[in-house]
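Subject: A structure for you to look at

Hi there,

Here is the structure I promised to hand over. Please open it and keep it beside you while you read the rest of this email.

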Amino acid sequence: SVIDLVHWRDPKKSGVVFGVSLLLLLSLAAFSVISVVSYLLLALLCVTISFRIYKSVIQAVQKSNDGHPFKALMEKDVTVPPETFRKHVDVCLTHVNRVLKQMSRLFLVEDLVDSLKLAVVMWLLTYVGAVFNGITILILADILLFSVPPIYEKNKVRVISFSCKSCIVCFKKAFIVEVQIRDYITITSIIIINIAASSN
């Protein structure tokens, strides 16, 4: 599963997935999507054709009749059953409908606070987009996805302790600010009342 991969439960599988995904993203950062896909398919064809020629030569030299080297793979059923296809389509359709409903709720301002939150997030993302492009963000996300979970597992106690201390400090500061704001509002109200009373 994905959790086992990002936690490096099997280092070989995690290393292969991390290396391939990072190499693919770096390739997409340097070349176009068409070039990357073409090179990947070309490399795969070179490997399969070379292996087919090699096995044919070996069979000719040894005068054996082993048949096609990929016969076992060719006999496998690679078709997608209609039931499986419909099941995945239904799941995707459920998510798409949920997203469309949420977007219509936000962009048609059903809840003003939620729409303002979305506006703030989009405004912050404009600054992120000015510094990073999409591929760079995906590369950073891939590196963080495979590096943060094992670091967190090894230093879980320290991280939780630091988080608790940080939360306590933040709550204290927020409480102090709230008290100061209340005092300021109270003092301002008293001054306004005194000014109104003196003017009368």
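Below is what was found in it, going from the whole chain down to single residues.

**The chain as a whole**

Please keep in mind that this is a predicted model. The chain has eight helices and zero strands, so if you follow the elements from the N terminus on, you read α-α-α-α-α-α-α-α. Of its 200 residues, 8% count as buried. If you take the contacts in the chain with a separation of 6 or more, 46% of them are between residues 24 or more positions apart.

Take α3, with 30 residues: at 1.5 Å a residue it should span 44 Å, and its end C-alpha atoms are 43 Å apart, which agrees. Helix α5 covers residues 82-107. Its 26 residues should span 38 Å at 1.5 Å a residue, and the distance between its end C-alpha atoms is 36 Å, which agrees as well.

Now look at what comes after these helices. α3 is followed by Lys 63, which has a positive phi near 55°. α5 is followed by Val 109, whose phi is positive too, near 55°. Why are such values worth a look? Because most residues other than glycine have a negative phi. Val 109 is a residue other than glycine, and its place is in the loop between α5 and α6. With a relative accessibility of 42%, Val 109 counts as partly exposed.

Trp 8 is another case: it is not a glycine, yet its phi is positive, about 55°.

**Aromatic pairs**

How many aromatic pairs does the structure hold? The structure holds five. One of them joins Trp 8 and Phe 18: the ring centres are 6.3 Å apart and the planes stand at 65°, so this pair is edge-to-face. The cut-off behind that word is a plane angle over 60 degrees. Since Trp 8 lies in the loop between α1 (2-6) and α2 (11-30) while Phe 18 is in helix α2, the pair ties together parts that are ten residues apart in sequence. Trp 8 itself is partly exposed, at a relative accessible area of 28%.

Another pair is made by Phe 51 and Phe 70, with ring centres 5.5 Å apart and planes at 45°, so this one is tilted. Phe 51 belongs to helix α3 (residues 33-62) and Phe 70 to the loop between α3 and α4 (71-74), so the pair ties together parts that are 19 residues apart in sequence. Phe 51 counts as partly exposed at 36% relative accessibility, and Phe 70 counts as partly exposed at 21%.

There is a cluster to find as well: Trp 8, Phe 18 and Phe 146 form one aromatic cluster.

**A buried glutamine**

Is Gln 59 buried or exposed? Its relative accessibility is 15%, and buried means under 20%, so Gln 59 counts as buried. Gln 59 sits in helix α3. Leaving aside its neighbours within four places in sequence, Gln 59 is in contact with Ser 64, Asp 66 and Gly 67.

**The largest pocket**

The largest pocket holds about 150 Å³ of space. Which residues line the largest pocket? They are Val 20, Leu 23, Leu 24, Ser 27, Phe 31, Val 36, Tyr 39 and Leu 40. The elements that give two or more residues to this lining are α2 and α3, and α2 gives the largest share, four residues.

**Cysteines**

Finally, a search of the whole structure finds zero disulfides. Cys 46 is partly exposed, with a relative accessible area of 43%, and Cys 92 is partly exposed too, at 48%.

I hope you enjoy exploring it!

Best wishes

How values were computed:
Residues are numbered from 1 along each chain as its sequence is written. This is a predicted model: local features need pLDDT of at least 70, side-chain atom pairs count only at pLDDT 80 or more; totals for chains, interfaces and linings use all residues. Side-chain values use heavy atoms; hydrogens and water are left out. A disulfide is a pair of cysteine sulfur atoms within 2.5 Å. Buried means under 20% relative accessible area, exposed over 50%, partly exposed in between (1.4 Å probe, protein chains only). Rings of Phe, Tyr and Trp (its six-membered ring) pair if their centres lie within 6.5 Å; planes under 30 degrees apart count as stacked, over 60 as edge-to-face and the rest as tilted. Contact means heavy atoms within 4.5 Å. The expected span of a helix is 1.5 Å times one less than its number of residues. On a 1 Å grid over the protein atoms alone, a cavity is a set of points where a 1.4 Å probe fits but cannot get out, and a pocket is an open set with protein on both sides within 12 Å along at least five of seven lines; lining residues have an atom within 4 Å of a point. Grid points are joined across faces, edges and corners, and a volume is the space filled by probe spheres set on the points.
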